[in-house]
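Visitor: Hi, I have a new structure to look at. Can you walk me through it?

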Amino acid sequence: MPTLIKQVRVFDGVEVLDADCVLLQGDRIVMVGRDLSAPIGSAVVDGGGGMLLPGFIDAHVHTPDDGTLDDAVSALRQALSLDPWTGWIGDLGLR
């Protein structure tokens with residue numbers, strides 16, 4: 001039975017995709033897109049606006065604690081580019 005996960009942000013390990021739905025068939029992702037329709041007989045899961053990390057990607061970031069301030073700012077900028085919805089970092093003026 002297919003499963004459609006709706007209302008999610010999809011992070012592919014490099015960037016947040018312009019998509020809000022993921023269609024699964026068994027243990028495979030068969031389609032990623034916006035406003036996908038569920039095939040007849042599908043289970044539909046409301047992702048509630050959460051972040052979906054296909055393949056259980058480790059998407060956390062560590063800032064260098066033994067580097068320079070520039071290293072730390074660079075790491076935070078990279079995290080922002082991968083996870084743009086973290087407004088509290090953007091509010092620090094690091095974009």
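Guide: Let's start with a term: contact means heavy atoms within 4.5 Å. This is a predicted model, where local features need pLDDT of at least 70, side-chain atom pairs count only at pLDDT 80 or more, and totals for chains, interfaces and linings use all residues. Residues are numbered from 1 along each chain as its sequence is written, and side-chain values use heavy atoms, with hydrogens and water left out.

Visitor: OK. What does Val8 touch?

Guide: Val8 touches Ala19, Asp20, Cys21, Gly47, Gly50 and Leu52. That list does not count residues up to four places away in sequence.

Visitor: And which residues make up the largest nonpolar core?

Guide: Five residues: Ile5, Val8, Val10, Ala19 and Val22. A nonpolar core is a set of buried Ala, Val, Leu, Ile, Met, Phe, Trp, Tyr and Cys residues joined through side-chain atoms within 4.5 Å. Buried means under 20% relative accessible area, exposed means over 50%, and partly exposed is in between (1.4 Å probe, protein chains only).

Visitor: Why would such residues sit together?

Guide: In soluble globular proteins, nonpolar side chains tend to be buried together.

Visitor: How much of the protein chain counts as buried?

Guide: 25% of its 95 residues. The accessible surface is about 6500 Å², and 55% of that belongs to carbon and sulfur atoms. Those areas come from the Shrake-Rupley method with a 1.4 Å probe; for residues, only the protein chains shown count as cover.

Visitor: New topic. How many helices and strands are there?

Guide: Two helices and six strands. Both are DSSP runs, numbered from the N terminus: helices are H or I with at least four residues, strands are E with at least two. From the N terminus on, the order is β-β-β-β-β-β-α-α.

Visitor: What order do the strands take in the sheet?

Guide: An open sheet of four strands runs S4-S3-S1-S5, with mixed pairing. S4 and S5 are the edge strands, each pairing on one side only. The twist averages 20 degrees from one strand to the next. For that angle, axes are lines fitted to C-alpha atoms (for helices, over the stretch in contact), and angles run from 0 to 180 degrees between N-to-C directions.

Visitor: What counts as pairing?

Guide: Two strands pair if DSSP finds at least two bridges between them.

Visitor: How do S3 and S4 pair, parallel or antiparallel?

Guide: Antiparallel, over five bridges. S3 covers residues 21–25 and S4 covers residues 28–33. Leu24 stands opposite Ile29, and Val22 has Val32 as its bridge partner. Two residues lie between the strands of this hairpin, where Gly26 takes a positive phi near 65 degrees.

Visitor: Which residue other than glycine has a positive phi?

Guide: Gln7 is one of them, with phi near 60 degrees. Gln7 lies in the loop between S1 (2–6) and S2 (9–10). Asp35 also has a positive phi, about 50 degrees. The place of Asp35 is the loop between S4 and S5 (43–46).

Visitor: Are they buried or exposed, then? What are the values?

Guide: Gln7 is partly exposed, at 46% relative accessible area. Asp35 is exposed, at 61%.

Visitor: Last one. Where is Leu17?

Guide: In the loop between S2 and S3. Leu17 counts as partly exposed, at 27% relative accessibility. Leaving aside neighbours within four places in sequence, Leu17 is in contact with Val10, Asp12 and Val32. The C-alpha atoms of Leu17 and Gly33 are separated by 8.6 Å, and these two residues are 16 apart along the chain.
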